[in-house]
Amino acid sequence: MSGTFKIILNKAKNFFKHKKKEVIVYIGITILTIGGFLGAFFSFYGVINRGDFQPQISEYGPKINPILTQTESYEFFVSAFDPEGKSLSFNWKLDGADQGVLSNYYTYTSGKAIPGKHTVEVDISDGHNTQTHEWNLTILDINLLADFNEESGDSGIKNPYNWNGTLFFSCNDGIHGIELWKSDGTAEGTVLVKDINEGDSYSSSNPSFFTEMGGKLYFRAYNSSFGYELWSTDGSEEGTSIVEDMIPGPSSFDPWELEALDNILLFRASNSTVGLELWALEDGGSPYLVYDIAPGIGGSYPNYLTRYKNEIYFSATNGIGGHGTELWKSNGTKAGTVEVRDIRVGSIGSYPRYLTVMNDKLFFVASNNSDDKELWITQGDFSSTQRVKDINPGSLGSNPNLLTVVNNTLFFRADDGTHGSELWISDGSEANTTLVKDIWPGSPHPSLNSLVNYKGQAYFRAHNGEQDYGIELWRSDGTESGTQRIADIDQTEGYGSSPEYLTVIGNTLYFKATNITVGSELFKYTPEEGVRLVVDLVSGDGSSDPNWLIDVNGTLFLEMRDVCQGRELRKYDECADSIVLVKDININTKNFIDSEIESYQFIQFTDYVYFAANDPLFGTELFRTDGTVLGTTLVCDINPGYRDSNPEYFTKVGNKLLFSATNVLNGTELWCLEEGGDPYLLIDINEIPTEGSYPSDLVAYQNKAYFNAYTEDFGVEIYVTDGTKSGTYRIEDVNEGTEDSHPTQFTGIGEYVYFVAQNDMYGEEIWKTDGLTVQLASDIAFGTDSSDPENLVAFGGKLFFTAEENSHGCELYVLDPFDDNYSIFDINDGSDSSEPYQLTICGDYLYFIAYNSTIGAELFKTDGVSMELVLDLNSGSNDGNIEHLIEMNGILYFKADNLINGSELWRSDGTESGTYMLKDIWPNSPNSNPTRFTVLYDHLFFIAEDETNGFQLWKTNGEMKYTSMVEAHFSGTLDDIGVVWIGINGHILILGQDGTHGEEIYSAS
């Protein structure tokens, strides 16, 4: 009996403990027989309501997170009730700060929050329980993203060199061009050493290859009278002079790879007699040819000059019929210049590279068969020159690189054919040349980079394949367990901070890294403090983008950018823990010329938007932007100098960006860009020098791109590429011979790509290809006549397009890929044309604009089987003047004119009643002419004009009261401004004029 009581009480106790809304009591009767005795237990079951329900939200607004400008206000509301009818209070907050509003409405007032991301929150309380709802609020700020066509305020510092505690470098102050400068770390001590090539800011000497010898600093520089020659300086203007004009006049001797050997300076240079050979200069003397290694004008092409055992080692070839490119050494005399070993016997050569000295031995990479690049070692003679280990047996080789000495151990990157490109170590013996760790298991990609020795360990950047981390900072002591990631600097999934320029100064490792919060900035690491940001020089997610870090007498010098001085010389003040501007060398001036950016030439690839823009120094070239000022840069000067490369027809295939571009050698051909690399010529289709194939209309489908290109033998025909040279080829000569078929409008459905092409037998019709062969899909205008197909769209597994033939005029056609049979929607009966255009998919329908003699040009829709008029917007035969169809959240938006309000913004759900004007932006009949529609974050952005502000950027979430101007920022006509791309890292990119900078790119973010 007592046991039964205990069980029931425990259950009741647990009930009371866990029930929050109601109390449950059990009362009943239990009759037990225990040991012959009769006992009873009485109990009761019931529910006592504590009256403790949460408030319930029945409605709220807006449904879509709002995007505002700094000058906009906005109303939020929430409707709620308490199940017991209790009164409710509403406490509103902005970014956690109490707004003191007790009603169910809250009005955010303009200017209350700075640009960026914010949170509006309401806590609904009945005095005991609270229900919460929140919205994300975005405040936009429009800024000039990049004034490409201007005289840049950046000084463009390059080739930094520490000589006796003074930093020498080349840079442009905007007046003298790129010339020789020096700095002692103070503004007064940062001065132009000499204007070697006198003239304006475009007359540069481009000093480079700084090397100290005999109390002087030697370097290569250009002068219009001498060409590129060898120069020297003692740090003063009068002590800076040409060593000797080795090729009299403006022709260049062009010295490269200067390397000092006590009082002898060795370098490679060229003249018309011996070609490119090894030269030397003794202190106080004239340059002399060390040895004509490859007799004749061909040259031996010395490379990788490296000092080892008081000699200079390098790679060179001894000419036609010789040994090919092999390992040589020189003491600066002809007799002392000899080949160390013919590693790959024969005339091909082993191509030694990456010469690195460790423990009185010289390590390097070479091939002794086919392309099998492996690690080699030498002590300077034939017998000691041996391969360390055949890491990847066979013809491919392991391709060692990043050779770095750490505590008597050589760290390097290599690929053994199994683990991909990973971290290895070697002491010079085969047995002790081993894989340290397979950091990214199964990946062939070399994410490991930037090896440096810090405190007796190898530090580097790497990716281990885990998308939570991306490329981050790692270290290794040479063991698998001692190879670890140090920190997750950028915690954005899949990205990583991508550390660069790892530089050791004293007890600290400095480097550049990227974090989603602060952008690309300077970081530092010590084992005691870990990784920390040095300074967020460009506040927020903007980037100072540090460039080249160098130690000058224990002080870190580097180039960084800020919003005031641009990219200039700076240093790190360790005591103050701050970045100091040494000097604003190039004071910013602008000439406000347009960049000639075309709105259609934009594509997002990896974390950037790529486009073509004009710069006065480089011409029209490939640029990219991440939506920030400092993330907007020239990618590559494809056609060097002021000549245009005119990149266009961008498309993505796999992990590659393909496009058409021009250079002086190949003409206009197909180019390729891979993440982290420079653009390169993929294939020279028209191999005639300087005559291009003009690839155009590139369209990607199923990991291939289809396009047309020209050759002299075949004319303009259809090509396909998988992003490799071998996988790029002409599919077929559709119009046989040299006549063009001019294929275009490539549209993929299933296993085929359909396109329009011209053929002498069929005229211009619809064709299809599987990437290997080409077939005629439909001959609508029979025989040699052309149906002139246009507007190809894949919808519902079928091909929709417009075409014309005598019986029906220009109408809408549907082709079934199953059998290539087609049907026609004859919207304007008989031989008259409806001329459908702007075919746009929205939900389950394909919308388009078409003309009928009874109703004019109006909006239609089809599900692929039937077709119907959406609305006769202007009754009778008057046109609706409909344009710019675009889909957002299952609703169709467009511009239309109802002859009452003018040309304004409309919307449609596909029904007559659901098709109406969203807002009369310019009331009383003048046209606002909305255009350039683009969707971002559930908002439609567009350009429109009103009476007060002219053409500006507008936005809507689909409701009239939330349709408003973003900001009155721009000036000019409609052609001067357009939304060119939306959605790169949360930035809206705008092409427009603000009345000051010409037509440039702006960012609303």
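This is a predicted model: local features need pLDDT of at least 70, side-chain atom pairs count only at pLDDT 80 or more; totals for chains, interfaces and linings use all residues.

Student: What makes the peptide bond that joins Gly 61 and Pro 62 a cis bond?

Tutor: The angle to look at is omega, which is about 5 degrees for the bond between Gly 61 and Pro 62. In general, most peptide bonds are trans.

Student: Why is Asn 759 called buried?

Tutor: Asn 759, which belongs to strand 63 (residues 752-759), has a relative accessibility of 10%. Buried means under 20%, and therefore Asn 759, at 10%, counts as buried.

Student: How do you know that the side chain of Asn 759 makes a polar contact with the backbone oxygen of Val 734?

Tutor: The side chain of Asn 759 reaches that backbone oxygen of Val 734 at 2.7 Å, and because a polar contact requires a pair of N or O atoms within 3.5 Å, the distance of 2.7 Å meets the cut-off. A polar atom of the side chain of Asn 759 also lies 2.6 Å from the backbone nitrogen of Met 761.

Student: Why is Tyr 649 called partly exposed?

Tutor: Tyr 649, in strand 54 (residues 648-653), has a relative accessible area of 33%.

Student: What is the phi of Tyr 649?

Tutor: The phi of Tyr 649 is near 55 degrees, a positive value in a residue other than glycine. Most residues other than glycine have a negative phi.

Conventions: Residues are numbered from 1 along each chain as its sequence is written. Side-chain values use heavy atoms; hydrogens and water are left out. Helices (H or I, at least four residues) and strands (E, at least two) are DSSP runs, numbered from the N terminus. Buried means under 20% relative accessible area, exposed over 50%, partly exposed in between (1.4 Å probe, protein chains only). A polar contact is a pair of N or O atoms within 3.5 Å; within protein, one must be able to donate a hydrogen and the other to accept it, and residues adjacent in sequence count only if both atoms are side-chain atoms.
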